[in-house]
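These are my notes from going through a two-chain model. I looked up the fold first and single residues after that.

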Amino acid sequence: MMDVTQQPARRLPRLRHATGFSLARVGALVLRYLYLLRASWPRLFDLIYWPTVQLLMWGFLQIYLAQESGTLAQTVGVLLGSALLWDILFRGQLGFTISFLEEMYSRNLGHLMVSPLRPVELIAALMVMSVIRICIGLLPVTLLAWAYFGFNVYSMGLWLVAFFLNLILTSWAVGLFVCGLLLRYGLGAENIAWSLMFLFMPLACVYYPLAVLPGWLQPISMALAPTHVFEGMRSLLLHGVVRPEMMLSALGLNAIYFAIGALSFAWFHRDARRRGQLLSLGE
Amino acid sequence: MFQLEEDAAIRVVNLVKRYGTVTAVAGISFIVPRGSITGLLGGNGAGKTTTIGMLLGLVLPTSGTIEILGVDMVRHRYRVLPYMNFESPYVEMPLRLTVRQNLTIYGRLYGVDDLKTRIAELTQELDLGSFIDRPTGKLSAGQKTRVSLAKALINKPLVLLLDEPTASLDPDTADWVRGHLQTYCQSYGATMLLASHNMAEVERLCDNVLMTRQGRLVDSGSPAELIHRYGRETMEEVFLDVARGQSVQVGS
């Protein structure tokens with residue numbers, strides 16, 4: 001009997017992008033999600049609907065506060081800024097996770113997992129989609145905030161880029177962990193995908209300063225990267241003071257979060273393969 | 001057990017898969033020669049799906065080795081996945097996307113050169129023209145099967161794994177699918193491993209058959225050899241003998 005282990009892989013005909021990371025495969029998967037968005041207006045509507053509702057709620061609260069108290073009036077930009085930055089964090093994670101869930105809903109993950117698409121390429125495509133989804137959902141809303149409520153989020157300039165990068169990194173780290181859970185536990189873990197980010201909301205000081213929290217809770221809050229972002233944003237909008245050290249702290253924490261997210265995804269993926277879960281995904 | 005002195009497309013040695021205390025695959029070894037069509041048969045719970053899952057890299061073996069086209073599937077599966085493909089009626093394609101969009105995406109994932117031409121070829125070969133721009137979810141079962149087959153052939157795979165490819169199809173469509181698979185393998189020298197419960201299909205298509213029961217490989221050979229060995233008239237009767245534990249070992 002011929003020992004096929006002695007046949008080197010180079011005997012296989014060469015194909016484009018057969019080995020290594022392939023931007024073409026990432027692009028193919030992004031195209032798949034864009035086709036899906038284009039084919040479904042409810043999906044597009046859903047991207048814009050909730051950020052708009054939230055903006056209107058905080059915008060009208062701003063008007064009320066401005067009428068009641070001149071002191072409070074100066075905080076209103078902060079409230080709208082907080083609402084918009086929170087949406088980057090929340091929508092970033094949802095954009096990442098929902099694209100993954102779409103594969104489970106359509107029972108297509110099996111085809112993807114036996115294709116040459118590597119997990120790192122799948123993750124890259126989910127990252128791209130989370131940015132695209134945020135842009136579709138938030139760009140019109142930021143323009144509405146500017147036009148109707150007089151709050152220009154872009155006045156934060158390059159610091160907005162720093163806030164965005166840090167928040168999107170946190171959202172990807174959480175998204176990686178959630179997708180790992182979905183691989184391992186199937187759609188039974190779907191509710192976690194929708195709700196996990198809300199765990200951050202009270203602790204990350206989205207709408208109030210860190211000093212409001214009890215002393216024992218503050219170190220826990222400071223261990224969350226978004227806390228540094230929201231504190232930095234308040235410092236910029238209320239006092240005009242930039243806090244680069246807070247952005248660096250957030251970046252350092254995000255590096256740790258992202259590593260944990262990627263390792264947990266890899267671990268859940270391997271565990272799902274070991275348990276045969278990938279044969280029955282969606283159930 | 002057959003021992004072919006031939007080049008192997010798939011080589012499995014002492015493959016074991018345990019889920020806790022349950023043994024799904026209990027140390028099977030086999031070879032699928034290049035260019036052959038091999039059937040993987042067994043009743044429910046025989047370990048066919050788990051075996052195919054391990055061959056595709058979806059399931060990690062507890063022990064044993066799998067080599068496809070000379071590549072260790074457990075350690076280096078991404079080297080060989082571009083040369084393989086898979087079709088099963090139990091794994092759907094995105095239903096909201098049109099047939100052309102689905103084929104475009106999979107063509108790009110598999111790095112197919114001149115993709116438009118390849119899609120045009122498949123459209124003609126599999127008669128997809130009348131619904132190529134319709135959403136996949138709006139198609140009949142037979143049309144969906146043709147689309148799945150087009151996806152499975154998009155990269156002109158050297159190794160094709162099929163899990164009950166004609167399940168739930170009417171006899172005419174099923175016969176058409178079998179004919180096309182046979183033509184593809186002959187034209188491209190491809191290797192096919194086919195899990196099926198349809199014994200007429202196995203008799204028509206397969207050069208070799210692997211008979212499994214309770215995670216073990218209990219017999220193998222060509223359909224004609226097995227029918228002769230068991231003293232039966234059809235593969236259906238052989239299947240029933242094996243499923244009921246009446247296997248006949250070579251030399252007995």
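I took helices as DSSP runs of H or I with at least four residues, and strands as E runs of at least two, numbered from the N terminus. On that basis I find 12 helices and zero strands in chain A. The model is a predicted one, and I kept that in mind throughout.

**Entry 1, chain A overall.** Read along the sequence, the pattern of chain A is α-α-α-α-α-α-α-α-α-α-α-α. I looked up the burial next: 43% of the 283 residues of chain A count as buried. I then checked the contacts in chain A with a separation of 6 or more, and 76% of them are between residues 24 or more positions apart.

I placed A:C135 in helix α6 of chain A, residues 119-149. Is A:C135 buried, exposed or partly exposed? I counted 13 other C-beta atoms within 10 Å, so A:C135 is partly exposed. Buried would need 20 or more, and exposed 12 or fewer. I also looked up A:C135 against A:I88: they are 47 residues apart in sequence and 9.2 Å apart in space, C-alpha to C-alpha.

I traced an open sheet with the order β6-β7-β8-β3-β9-β10 in chain B, and its pairing is mixed. Which strands stand at the edges? They are β6 (84-87) and β10 (216-221) of chain B; each has a single partner strand, so one side of each is left without a neighbour in the sheet. On average, neighbouring strands of this sheet are turned by 15° against each other, direction ignored.

I then noted two helices against these strands. Helix α9 of chain B, residues 235-243, packs on the sheet and touches β3, β9 and β10 of chain B. The direction of α9 of chain B makes about 30° with that of β9(B). Helix α5 of chain B, residues 141-153, lies across β6 and β7 (159-163) of chain B and runs at about 170° to β6(B).

I went through β3(B), residues 37-41, and found five of its five residues buried. Which way do they point? B:I37, B:G39 and B:L41 point one way from β3(B), while B:T38 and B:L40 point the other way. Side chains in a regular strand alternate between the two faces of the sheet.

For the pairing, I found four bridges from β3(B) to β8 of chain B, residues 191-195, and the two run parallel. In β8(B), B:M192 stands opposite B:I37. Another four bridges join β3(B) to β9 of chain B, residues 208-213, again parallel. There B:T38 has B:N208 as its bridge partner, and B:L40 stands opposite B:L210.

I found β1 (residues 8-19) and β2 (residues 22-33) of chain B joined by nine bridges and running antiparallel. B:K17 of this pair stands opposite B:V25 in β2(B). The hairpin of β1(B) and β2(B) has two residues between the strands, and B:G20 takes a positive phi near 60° in it. I also found β1(B) joined to β4(B) by five bridges, antiparallel. The bridge partner of B:I10 in β4(B) is B:I68.

Most residues other than glycine have a negative phi. I noted two residues with a positive value. B:L69 has a phi of about 50° and is in the loop between β4 (63-68) and β5 (71-72) of chain B. B:L69 is buried because 23 other C-beta atoms lie within 10 Å. For B:D114, phi is near 45°, and I placed this residue in the loop between α3 and α4 (115-125) of chain B. B:D114 is exposed, because I count 10 other C-beta atoms within 10 Å.

I placed B:L109 in helix α3 of chain B, residues 99-109. How many other C-beta atoms lie within 10 Å of B:L109? I count 28, so B:L109 is buried. Leaving aside neighbours within four places in sequence, I find B:L109 in contact with A:R25, A:A28, A:S115, A:P116 and A:L117. I also looked up B:P82, 27 residues from B:L109 along the chain: their C-alpha atoms are separated by 8.7 Å.

Terms used: Residues numbered from 1 in each chain as written. Chains lettered and ligands numbered in written order. Predicted model: local features only at pLDDT ≥ 70, side-chain atom pairs only at ≥ 80, totals over all residues. Pairing = 2+ DSSP bridges. Contact = placed C-beta atoms within 7 Å. Axes fitted to C-alpha atoms, helices over the stretch in contact; angles between N-to-C directions.
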